[in-house]
Amino acid sequence: MAISVMHLHKPVLLKESVELLVTSSEGIYVDVTVGFGGHASEILSRLNESGRVIGIDRDVEAINYLKEKLKDNRLTLLQGNFSDLSEIIENLNITKVDGILFDLGVSLFHLKELTRGFSFLSESRLDMRMDTSQTFNAWDVVNKYSQKDLERIFAEYGEDVYAKRISEAIVQKRKKGTINTCRELALIAEEIYRRRGKIHPATRIFQAIRIEVNGELENLKKGIISAYQVLKSGGRLCVISYHSLEDRIVKNFLRDGARSNKLKIITKKPIKASFEENRLNPSSRSAKLRVGEKI
Ligand SMILES: C[S@@+](CC[C@H](N)C(=O)[O-])C[C@H]1O[C@@H](n2cnc3c(N)ncnc32)[C@H](O)[C@@H]1O
């Protein structure tokens, strides 16, 4: 495992999110996207001896790495999907928790570790699974989906104006043989799009395929419902999202909760990273933090 790469992940909106999450130094907090432990460490630093953190991640490599790196008897680490949060909490014999943090998407490790097949710079096989025990992967999407289905995911999940052209180009290319590597797919995108600013032309289609492979939007919808169920009254749900599709789900959930008097919205407007954080950590540029408190 490329540990040096893991160290590259800089937690986003660290102080802002944990400040709003932790309301009791002896509470139980769940970091459902524990990754490489940036937020979990900050939460632990604000708890006393009675406090507890449950860290969950779909990626077993992240969990195994963190088990070695962050040894703290107040921390429990588990591989799992946050869409199953209520079952996970029940299995730990915990009834309710004080706060839950979601820091969505992938970590820098996923993008930089070329063998995981997330990066358009990579010569490795198209993959993009966060949970490597899952069989469905990016190769299946690129090589088996119909042109209509490719167009749909590029339009919906990539919000890509060239969705039709790129899906047609993929299907044309497939007539000559399968598309196997990230680089091969990126080259198809490069032929179609003109480079727009600093963003690589394949960014949107890679985002769309990653969302499809990992069922990210469905998991988020289930995850926040599950989170609400396991929160105590007064407990907080904090979500950091990185694109408008995720943010819309969170915003609507909080708005509906507030309308039905189930939640109080703590962040009237989403909190964004400071200019300084944007400068030091480009991944923070699209981040939005929203927080709700269970009534
Ligand atoms: C942006 S990173 C989190 C980084 C972390 N906050 C830190 O400080 O290192 C997102 C993490 O969420 C995980 N993840 C994404 N979807 C998930 C899901 N449905 N269930 C559990 N973990 C998930 C990814 O594997 C990734 O490690």
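1. Asn93 lies in the loop between helix H5 (85-91) and strand E4 (97-103). Helices (H or I, at least four residues) and strands (E, at least two) are DSSP runs, numbered from the N terminus. Asn93 is not a glycine, yet its phi is positive, about 60°. Its relative accessibility is 72%, so Asn93 counts as exposed; the cut-offs are under 20% relative accessible area for buried, over 50% for exposed and in between for partly exposed (1.4 Å probe, protein chains only).

2. The model is predicted: local features need pLDDT of at least 70, side-chain atom pairs count only at pLDDT 80 or more, and totals for chains, interfaces and linings use all residues. Residues are numbered from 1 along each chain as its sequence is written, and side-chain values use heavy atoms, with hydrogens and water left out.

3. Glu159 is in the loop between H8 and helix H9 (163-174). Glu159 is not a glycine either, and has a positive phi of about 45°. With 35% relative accessibility, Glu159 counts as partly exposed.

4. Helix H2 (residues 14-21) and helix H3 (residues 38-45) have axes that come within 10 Å and cross at roughly 45°. Axes here are lines fitted to C-alpha atoms, for helices over the stretch in contact, and angles run from 0 to 180 degrees between N-to-C directions. The angle makes H2 oblique to H3; angles under 35 degrees count as roughly parallel, over 145 as roughly antiparallel, 65 to 115 as roughly perpendicular and the rest as oblique. The crossing of H2 and H3 is right-handed, that is, the near helix is turned clockwise from the far one by less than a right angle.

5. In this pair, Leu14, Lys15, Ser17, Val18 and Leu21 of H2 meet Gly38, His39, Glu42 and Ile43 of H3. Contact means heavy atoms within 4.5 Å. The contact of H2 with H3 comprises four nonpolar, three polar and two charged residues. Ala, Val, Leu, Ile, Met, Phe, Trp, Tyr, Cys and Pro count as nonpolar, Asp, Glu, Lys and Arg as charged, and the others, Gly among them, as polar.

6. The axes of H11 and H12 come within 6 Å, crossing at roughly 55°. H11 and H12 are therefore oblique to each other. Arg210, Ile211 and Asn214 of H11 make the contact with Glu216, Leu217 and Asn219 of H12. Its residues divide into two nonpolar, two polar and two charged.

7. Helix H12 (residues 216-230) also packs with helix H13 (residues 244-259), at an angle of about 25° and with the axes 10 Å apart. That makes H12 roughly parallel to H13. Their crossing is right-handed. Among the residues in contact are Leu220, Ile224 and Tyr228 of H12 and Ile249 and Phe253 of H13. The contact of H12 with H13 has nine nonpolar, no polar and three charged residues.

8. What does H13 pack against with its buried residues? The partners are helix H8 (147-157), helix H11 (203-214), H12, strand E5 (231-241), strand E6 (263-265) and strand E7 (288-294). Buried residues of H13 include Leu245, Asp247, Val250 and Gly257. H13 is followed by Asn261, which has a positive phi, near 55°.

9. Leu254 is found in helix H13 and, at 4% relative accessibility, counts as buried. Beyond its neighbours within four places in sequence, Leu254 is in contact with Leu237, Leu263, Ile265, Arg290, Val291 and Gly292. Leu254 and Ile265 are 11 residues apart in sequence and 6.6 Å apart in space, C-alpha to C-alpha.
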